[in-house]
Amino acid sequence: MTSFDVVVAGTGPAGMAAATAASANGASVCIVDDTAHCGGQIWRGQGSDSATHPTDRRFVQLQSALESGRIIVRYGNRVVANPAPRVLRLESTSGSEDIRFHSLIVATGARERFLPFPGWTLQGVMGAGGIQAMVKQGLPIEGKRVVLSGSGPLLLAVSAYLIREGARILGIFEQASTAQIARFGFQLLRHPGKLRDGALYRAATRSAPYRTASWVTRARGQDRLQSITVRVRDEISTIECDYLGCGFHLVPNLELPHLLQCQIEAGFVHVDDRQQTSVEDVYCVGEPTGIGGLEKALCEGEIAGLVCTGQSAAHLLNRRDRYLRFARELDRTFAPRPELNEVATPDTLVCRCEDVSRQALGSMHSWREAKLHTRCGMGPCQGRICGPATEFLLGWNSEHSRPPVLPARLSTLAGTVDPL
Amino acid sequence: MNRSASAQFATPLVDFTVNGKTFSVPQGTTMAAALLHAGIANRQSVSGEPRHPLCGMGICMECCATVDGAAHVRTCQVEVQPGMNVVTE
């Protein structure tokens with residue numbers, strides 16, 4: 001088994017910054033990711049030729065650090081278990097491997113929050129980030145009619161991207177109220193970088209109608225999406241479209257922190273000033289400590305990389321605290337409104353892996369009871385999609401993980417841990 | 001798919017088969033994007049509904065299919081390779 005001073009889980013911005021800082025201070029570093037590329041979701045498909053924005057230049061710097069040969073990079077590897085203290089079990093298409101760490105930096109990012117509505121399993125209905133990811137993966141979008149719905153700054157960022165790729169955005173439907181958005185805009189004055197990003201996105205999406213206090217109530221189609229019904233304040237209308245991207249802000253990926261028994265507080269990993277979790281030598285950076293976006297991720301990653309190699313990160317703490325305040329503003333502004341609870345009808349599927357309807361969950365009292373009696377959350381996604389949905393719809397606590405955190409081969413699970 | 005774009009940028013096309021039928025896509029396209037564009041469901045759900053990608057980032061498992069004999073592969077994590085053989089589930 002190979003041992004490293006520092007292992008980083010996740011090659012998004014937070015993980016890249018952490019690995020680079022730790023390696024620059026002489027630590028042996030291994031960084032692991034499920035995907036085949038670095039950059040995470042936000043920097044997916046980023047080319048080194050498009051480095052005009054300061055954060056894009058940062059991507060190029062961090063990418064070259066990862067490619068320098070000093071950092072061991074394990075792409076295509078998922079962390080499936082923690083079979084012994086300070087050991088992670090990885091699985092790839094070619095087999096499984098255990099790696100030992102002195103310090104571990106968890107940088108597992110976030111996913112979209114999905115709230116079920118009638119028709120959300122139709123072809124052409126995806127997350128907002130989901131549709132962007134599919135276009136970056138090669139889905140042709142030029143001339144297609146797209147509606148974006150849900151909540152959060154991601155809706156604007158995705159529309160700007162899709163417009164650039166030639167899509168026709170027929171509407172952006174944000175569930176937060178006008179007052180909430182206005183208050184958020186006012187708060188942005190304290191975060192000039194974010195204000196600038198917001199203004200650029202809005203300018204890039206001028207051609208698309210942006211409505212607050214509005215949400216999609218139904219998607220319809222034979223075989224694939226043909227139209228959606230949207231409620232804008234008290235008016236209901238129907239829009240014909242090819243794709244719907246619908247996501248309600250983001251939720252952190254907490255499966256690995258749960259597995260490591262890190263303390264979770266109000267839905268996020270609890271960390272101290274040095275990004276250390278409640279578990280000694282386990283650090284957490286980026287979205288799992290609060291959904292705050294790119295700059296927060298880079299800053300926290302650097303702090304953890306410095307701290308776990310014995311360096312001071314005092315010069316970064318003020319900035320990190322400012323980003324944390326921004327994260328709390330985001331959470332407050334884009335929290336789903338109670339009316340969204342009425343969108344899922346009794347026969348709307350909540351758990352897509354096991355096809356469990358809302359009705360079937362009606363007589364259940366907890367996530368655990370629902371798992372045992374209806375198989376909700378027991379399918380291949382392990383509750384990653386329906387867990388946050390049931391938290392919102394039914395007030396359940398679905399935060400729970402046990403190995404394997406992702407479906408794994410039996411040979412991987414059966415492996416014994418080599419002694420040092 | 002998207003032949004005009006691929007000609008414009010001179011991206012080579014890659015041939016692959018889905019349930020025995022041959023398709024071609026620009027190099028670099030993931031299997032999930034290729035299947036979605038072709039309108040082919042990745043899998044049937046436990047109650048028989050056709051399913052397509054939702055999250056695009058390897059979390060929802062809706063895009064799983066059998067790729068070159070390996071079952072339950074998340075096709076959004078797989079770039080199409082020449083001669084790849086996909087069977088929907």
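Leu244(A) is where I start: its contacts, leaving out residues up to four places away in sequence, are Gly124(A), Val125(A), Val147(A), Ser149(A), Val216(A), Ala219(A), Leu225(A) and Ile228(A). Contact means C-beta atoms, placed from the backbone, within 7 Å.

This is a predicted model: local features need pLDDT of at least 70, side-chain atom pairs count only at pLDDT 80 or more, and totals for chains, interfaces and linings use all residues. Residues are numbered from 1 along each chain as its sequence is written, with chains lettered from A and ligands numbered from 1 in the order in which they are written.

Next, the core. Leu244(A) is among the residues with the most contacts inside the largest nonpolar core, which has 82 residues. A nonpolar core here is a set of buried Ala, Val, Leu, Ile, Met, Phe, Trp, Tyr and Cys residues joined through C-beta atoms within 7 Å; buried means 20 or more other C-beta atoms within 10 Å of a residue's own. Domain 2 (114–248) and domain 3 (344–415) of chain A both contribute residues, so this core lies between them; the bounds come from an automatic or database domain assignment.

Now the strands, which are DSSP runs of at least two residues, numbered from the N terminus. In chain A, E12 (214–220) and E13 (227–232) run antiparallel, joined by six bridges; pairing requires at least two DSSP bridges. Arg220(A) has Ser227(A) as its bridge partner. Six residues separate E12(A) from E13(A) in a hairpin, and Asp223(A) in the turn has a positive phi of about 65 degrees. E13(A) also forms a hairpin with E14(A), with two residues between them. There, Thr229(A) stands opposite Thr238(A).

Definitions and conventions: A residue is buried if 20 or more other C-beta atoms lie within 10 Å of its own, exposed if 12 or fewer, and partly exposed in between; C-beta atoms are placed from the backbone. Two residues are in contact if their C-beta atoms, placed from the backbone, lie within 7 Å. Helices (H or I, at least four residues) and strands (E, at least two) are DSSP runs, numbered from the N terminus.
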